[in-house]
Structure formats: structure tokens, C-alpha cells
Amino acid sequence: MEAPENTLQSFQHANRTGVDIIETDVRITKDGVILVCHDQTFERLCKPELLPHLKAKVSEMEWNNLESTPEFKQQMPLHFAGLRNSQTAYERAEGDQSSYSRLEDIFAALPKEQVIQVDIKDMQSEEAVRAVLHLVRKYERESTTIVGCLSQRNNNLIRRLNPRLPTFLTYEEFGLTFFYLLSGLLPFVSLPYDIVPAPYLTHDYMKMKLEERAEATGLIKRTSYLLFLLAISIVNKTANGLFSHLNKRGIVTCYWVLNDDEEIAHVMNATTVQGIMTDRPSHVKQFLRSHQ
């Protein structure tokens with residue numbers, strides 16, 4: 001990690017680095033603010049003594065009525081870290097951004113030419129979808145913003161409200177696409193999405209999911225983690241033909257999240273995806289230049 005995650009500071013850093021696409025997660029607060037935030041709560045990233053309701057969901061907080069915005073911890077724990085990626089937390093430096101950004105702040109500050117992919121984490125919130133699309137229109141970013149949600153219902157809503165807006169696929173659509181591939185129907189089927197961001201089973205991602213499984217309760221939920229990891233492994237080993245086909249159709253393909261040099265080199269040499277998502281844009285750009 002090269003800057004505090006999901007902040008205007010980190011996106012400006014990525015923009016200066018020259019990345020093709022900036023990806024971010026967003027959630028809606030109780031008073032309708034679209035906050036750039038991955039987690040359901042502020043607990044992982046913020047100082048507990050500064051926000052009494054730290055474990056409350058973002059959707060339950062009135063952002064504009066908070067006495068003070070939640071301040072990040074000095075050491076911010078990272079996802080996708082701990083095995084290959086020895087960095088397990090981002091150490092905030094003097095001058096680093098200390099709290100969350102709104103999506104509106106991001107749209108206002110970054111050049112319109114910078115492509116931004118927005119992942120709406122509120123799976124059941126139609127309000128969140130409408131609020132994000134409003135900001136896209138307000139800042140005239142329809143041609144350079146990709147919007148999606150893993151909820152099929154919300155993804156369908158995005159496409160219905162703004163058919164011109166690029167979207168990414170859901171897990172349901174990924175499974176259906178794989179069926180079309182195996183049945184030989186894929187060349188004849190119209191596909192509703194513009195980008196395929198697929199998970200890659202890195203050592204760090206597996207570690208994170210196994211830790212989540214250890215904390216899960218119930219046999220069904222614990223088993224679902226293993227089945228999910230198995231499915232990702234199968235996709236990673238068999239998807240080259242699918243990705244090649246999608247690339248030819250103008251659909252962008254990429255894997256997330258890769259931070260380890262060895263794993264990045266493997267994806268470069270052994271897969272047909274067009275790009276990778278990373279938390280280390282300047283490092284990865286230098287790595288790619290040295291291995292071309």
C-alpha cells in the first residue's frame with residue numbers, strides 16, 4: 001500500500017502514476033452521502049476512541065451530523081496481506097489523509113479523462129445506485145466511469161437507468177458466461193457487461209478467506225468458503241480461453257488483487273487477462289517496465 005486506502009490522496013497518487021483504471025468501493029450513509037469505503041463498519045481502519053459507534057454500519061451513520069469524522073488509525077490493517085506481501089498495515093505518515101473521502105470529492109478532484117470503476121457495496125440499496133448515477137451525471141463522467149454491484153438486481157437497475165454507462169459483471173453473470181463457453185453458445189450470445197474483474201487466488205487472498213472461515217459460524221457457511229476458494233482456483237486455471245474471447249469482443253479483463261512480484265509475473269506470463277488490480281501502482285508499474 002502506497003497511501004491510505006480508498007482516499008482522495010491514494011487516487012491522486014494512482015493518477016500521477018498513470019494507471020489505466022482506478023477502482024474504488026463505495027457505501028451510502030443514512031443521510032445519503034456516498035462514502036468511499038470498503039467495509040460495512042469503520043472498525044478496521046479507525047481509532048476506536050474517536051467514534052463511539054465504531055461498529056455501527058456505515059449505512060446507519062449520518063455523515064453530515066457527526067461531531068467529527070472518524071480518524072484513521074496510525075497503522076491501518078490491510079486486506080490481501082500477510083504472506084507474500086510482508087506489509088500487513090499501512091503506516092500513516094505526517095501529512096497523510098486522516099479520514100474517508102466522499103465519491104463526490106473524488107469526481108471533483110480527478111481529471112475527467114481518468115477512468116474510475118465504482119463498486120457499490122450496498123447490495124440491496126436502490127438509493128445507493130441512484131445516488132452514484134446522479135454524481136456520474138453531475139460531473140459528466142459517463143464515458144469514463146464504470147459502475148457495478150455484485151447484486152444482480154442492482155446491476156440490472158444501473159443498466160436500466162443509464163444504458164450508456166459501462167458496467168462490470170456479477171458472479172451470476174460470470175457463471176452464466178462460463179456455461180455459454182462450455183456449451184459453445186458464447187460467440188452467439190450478447191453480453192451485458194463491459195469489464196470482467198475476476199478474483200485471483202493469491203497466497204494472501206487465500207489466507208484472508210481462510211481466516212474469515214475460521215471466524216464463521218455454521219457448517220454451511222464454513223463450507224461455502226471452501227467452495228468459493230475451489231471455484232476461484234478452477235477459474236484461474238481454465239479461464240484463458242474465455243478471457244481471450246472476451247478480449248476480442250472488446251470486453252476488458254483483469255485479475256484482483258495482486259501485490260506480489262512473483263504472482264504478478266505468473267499472471268503476465270501464463271494468463272490472457274489484460275490487466276491487474278494492485279495496491280502498489282508505482283511499484284507494479286516499475287516492475288512491469290523492467291520485465292517487458
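Predicted model: local features only at pLDDT ≥ 70, side-chain atom pairs only at ≥ 80, totals over all residues.
A residue counts as buried under 20% relative accessible area, as exposed over 50%, and as partly exposed in between. By this rule Glu211, with a relative accessible area of 41%, is partly exposed.

## Salt bridges

Glu211 takes part in a salt bridge with Lys207, with 2.7 Å from N to O. Both residues belong to helix α6 (residues 203-215), where they stand four residues apart, about one turn of the helix. An α-helix has 3.6 residues a turn, so residues three or four places apart point the same way. Lys207 counts as partly exposed because its relative accessibility is 25%. Salt bridges with shared partners also join Glu5, Asp39 and Arg44 into one network.

The structure holds 15 salt bridges. Three of them are compared below.

| Salt bridge | Closest N and O atoms |
|---|---|
| Glu5 and Arg44 | 2.8 Å |
| Arg164 and Glu142 | 3.1 Å |

Glu5 forms its salt bridge with Arg44. This pair links distant parts of the chain: Glu5 lies in the segment before α1, Arg44 in the loop between β2 and β3 (75-77), and 39 residues separate them. Both Glu5 and Arg44 are buried.

Arg164 pairs with Glu142. Here too distant parts of the chain are linked, with Arg164 in the loop between α4 and α5 (171-183) and Glu142 in the loop between α3 (126-138) and β6, 22 residues apart. How exposed are the two partners, Arg164 and Glu142? Arg164 counts as exposed because its relative accessibility is 66%, whereas Glu142, with a relative accessible area of 22%, is partly exposed.

## The open sheet

Four strands make up an open sheet with mixed pairing, in the order β2-β1-β5-β6. The edges are taken by β2 (34-36) and β6 (145-148); each has a single partner strand, so one side of each is left without a neighbour in the sheet. On average, neighbouring strands of this sheet are turned by 30° against each other, direction ignored.

Strand β1 (residues 21-28) and β2 run antiparallel and are joined by three bridges. Val26 has Val36 in β2 as its bridge partner.

Helix α1 (residues 8-17) has as its buried residues Leu8, Ser10, Phe11, His13, Ala14 and Thr17. The elements covering the buried residues of α1 include β1, β2, α2 (103-109) and α10 (281-290). Just after α1, Gly18 adopts a positive phi of about 95°.

Asn154 belongs to helix α4 (residues 152-161). Is Asn154 buried or exposed? Asn154 counts as buried because its relative accessibility is 0%. Its side chain comes to 3.1 Å from the backbone oxygen of Asp122. When neighbours within four places in sequence are left aside, the contacts of Asn154 are Asp122, Met123, Gln124, Ser125, Glu126, Val129 and Cys149.

## Cysteines

How many disulfides does the structure contain? The count comes to zero, and the cut-off for a pair of cysteine sulfur atoms is 2.5 Å. For Cys46, the closest cysteine sulfur is that of Cys37 at 7.9 Å, which is too far for a bond. Cys46 is buried, with a relative accessible area of 0%. For Cys254, the closest cysteine sulfur is that of Cys149 at 17 Å, again too far for a bond. Cys254 counts as buried because its relative accessibility is 8%.

## Backbone geometry

Most residues other than glycine have a negative phi, and most peptide bonds are trans. Against this background, several positions deserve a note.

The peptide bond from Trp256 to Val257 is cis, with omega near -15°. Val257 is located in the loop between β8 (252-256) and α9 (261-270).

Asn6, although not a glycine, has a positive phi of about 50°. Asn6 sits in the segment before α1 and is buried, with a relative accessible area of 11%.

Glu140, likewise not a glycine, has a positive phi of about 55°. Glu140 lies in the loop between α3 and β6 and counts as exposed because its relative accessibility is 57%.

Notes. Residues numbered from 1 in each chain as written. Heavy atoms only, no water. Pairing = 2+ DSSP bridges. Helix = DSSP H or I, 4+ residues; strand = E, 2+ residues; numbered from the N terminus. Axes fitted to C-alpha atoms, helices over the stretch in contact; angles between N-to-C directions. Buried < 20%, exposed > 50% of the residue type's maximum accessible area, 1.4 Å probe, protein only. Contact = heavy atoms within 4.5 Å. Polar contact = N/O pair within 3.5 Å; in protein donor to acceptor, adjacent residues only side chain to side chain. Salt bridge = Lys/Arg side-chain N within 4 Å of Asp/Glu carboxyl O.
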